[in-house]
Amino acid sequence: MMMNNSLKSLSKIRSGTIISGKWHGKRYTIIKELGAGANGVVYLVRASDRQAALKISDNPSSITSEVNVLKSFNKVQGSALGPSLLDVDDWNQNGHQYSFYVMEFIKGPDFLSFVQQKGPEWLEVLVLQLLSDLEILHQNGWIFGDLKPENLLVTGPPARIRCIDVGGTTLNGRAIKEFTEFYDRGYWGMGSRKADVGYDLFAVAMIIINTAYPKRFNKTTGGESQLMEMVRRKPELKRFEPMLKKALLGKYASAAEMKSHMLGALRPSQKQSVSSSTPKSRTQLHQKKYRTAVSKPKKKSRFLETLLLITAVSMIYVFYLYIQVL
Amino acid sequence: MRTGTLKQILLITDGCSNQGEDPIAMAALAREQGMTINVIGVIEQDVIDDQGLKEIEGIALAGGGVSQIVYSQQLSQTVQMVTRKAMTQTLQGVVNKELQQILGGSTTSMEDLPPEKRGEIMEVVDELGETVELEVLVLVDTSASMKHKLPTVKEALLDLSLSLNARSGSNRFSVFAFPGKRKEVEKLLDWTPNLETLSSIFPKLTTGGITPTGPAIKEAMSYFQQKRSLRRFLSNDDEQFFEESI
Ligand SMILES: Nc1ncnc2c1ncn2[C@@H]1O[C@H](COP(=O)(O)OP(=O)(O)O)[C@@H](O)[C@H]1O
Ligand SMILES: [Mg+2]
């Protein structure tokens, strides 16, 4: 994609330049460019005492939208959805007004580089972390939208995946705002561009497939047939096959369900004992076993306890009344 | 807030017009009538010449829309991005006018407000973008140089209807080609909510040598008007221009 002219000028801000905010008066010194995309340019900057990432754009609407999403993410307690937001302001320069926001600098390689450097066993770890984050995000009514390896950075140690670029984040039920073809359900002819849980989980499946095809591939026939054929061609994707199929077909109701399926499929003992059955039944079996073996009797015994207590109390009460009457 | 229907003309071309009215003047005229013109310049590996670039930017500027130069492989994504961006821009304009009425005088746009106050305004714009009725008239340049890009254009338009039909607001599309077989402009597809029928029409396109961009915009304008006056005549409802309706 080509940039328009003013965005081009924004991508050439020299290191040492001071960006000073019109409304809040904070000053940021440019260190270097971190990246650029359709919605703006991101710089590493020095704020008073620490480093931060600053995203600047000539389009105040896109900055405001992203700030709205980050504010909402930051309100979710006990999780790290997206970078934390530090400041929002405008910068006047050569008669132009640009909008920017400053956020936590997330230091680390992107998803694909990390998996390539550290080995395939990290793939599961990161995908499980991602699914946990998506579950919280979805529970708060959001769909991430433009989910792709470039928008996933890995910080650490300990290694932790972080989503950046909330430019595509949409309220559940609305139309997807921004997407990248390879990860887009609509492009592959496998569903609509309405923002729903399945849209994000489709992208997660494509990110896993992407690790076996770092250069991606184009649509030929599209649909399930092409994507599953590409999955079968790569031995390293074998263990994910049933899970990928379900995610591509939109059969998972939540990120948590996909996560538990993945965990179930990874358990080595189960893999041997139920290797012929489909992983779907494997998780179901797994869950059923758990429920019957642990939770039900527990509930039952607790119920009995309560019953006993109530009977005892009422008996004492009746006895008390009886004494009063006498 | 009543927003009426957003009317967009989407021009897909690869360079310079060479016949008829000045397309920039026609774009300005369309804007005066409440339409927005977006232009996508499709190029191959070849670079676009300065004059072509100027015309593309000029049409969008005069037409109150968005322009973007793109390699043909990236057309699909660009078409939807440009359309969305222009929608937001227009809706932002409506909301800004409203703001000016409420806040008066010096506040003419969202940028005049401190960043803290912009969030809610943006939510309104987003909400409108999701629900507003949209009409897109697509004008495809089918001059000789565009010939081998037409399959990509077709894909991009199908993709556009996929994107827009994910919204809850209704969409209507129509498609015109220029130059036409006999006339300067030819209607390929009448107003329709989705573009699937396009697949059968596109392969039959023959390409011509001239590029009458100005006349094409003029024709598109009158097509929007025709429909409106006809509707007004039939139902006597005073559906107004976008700008007047707030
Ligand atoms: N908070 C951050 N910390 C570190 N790097 C970042 C951060 N935000 C963005 N980047 C880098 O900048 C690039 C572009 O940012 P992004 O927000 O994705 O822009 P766009 O919306 O234009 O794609 C990212 O791919 C990433 O490499
Ligand atoms: Mg990005």
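The model is predicted, so local features need pLDDT of at least 70 and side-chain atom pairs count only at pLDDT 80 or more, while totals for chains, interfaces and linings use all residues. Residues are numbered from 1 along each chain as its sequence is written, chains are lettered from A and ligands numbered from 1 in the order in which they are written, and side-chain values use heavy atoms, with hydrogens and water left out.

**The interface between the chains**

- In this model, 31 residues of chain A are in contact with 35 residues of chain B, where contact means heavy atoms within 4.5 Å.
- About 2,700 Å² is buried between chain A and chain B, and carbon and sulfur atoms give 50% of that area; buried area is the accessible area (1.4 Å probe) that two parts lose on being put together, summed over both.
- Four salt bridges are found across the interface of chain A and chain B, a salt bridge being a side-chain nitrogen of Lys or Arg within 4 Å of a carboxyl oxygen of Asp or Glu.
- Asp90(A) and Arg118(B) meet through their side chains in a salt bridge, with 2.5 Å from N to O.

**The side of chain A that touches chain B**

- Helix H2 (60-75), strand E5 (85-93) and strand E6 (96-104) of chain A are the elements that give two or more residues to this side; helices (H or I, at least four residues) and strands (E, at least two) are DSSP runs, numbered from the N terminus.
- H2(A) provides the largest share of this side, five residues.

**Cis peptide bonds**

- The peptide bond from Pro157(A) to Pro158(A) is cis, with omega near -5°, and Pro158(A) lies in the loop between strand E8 (152-155) and strand E9 (160-163) of chain A.
- In chain B, the peptide bond from Phe178(B) to Pro179(B) is cis, also with omega near -5°, and Pro179(B) is found in the loop between strand E5 (171-178) and strand E6 (186-192) of chain B.

**Positive phi values**

- Most residues other than glycine have a negative phi, and most peptide bonds are trans.
- Asn94(A), in the loop between E5 and E6 of chain A, has a positive phi near 50°, and at 67% relative accessibility Asn94(A) counts as exposed (buried means under 20% relative accessible area, exposed over 50%, partly exposed in between, with a 1.4 Å probe and protein chains only).
- Arg216(A), which is not a glycine, has a positive phi of about 60°; Arg216(A) sits in the loop between helix H5 (197-212) and helix H6 (223-232) of chain A and is partly exposed, with a relative accessible area of 30%.
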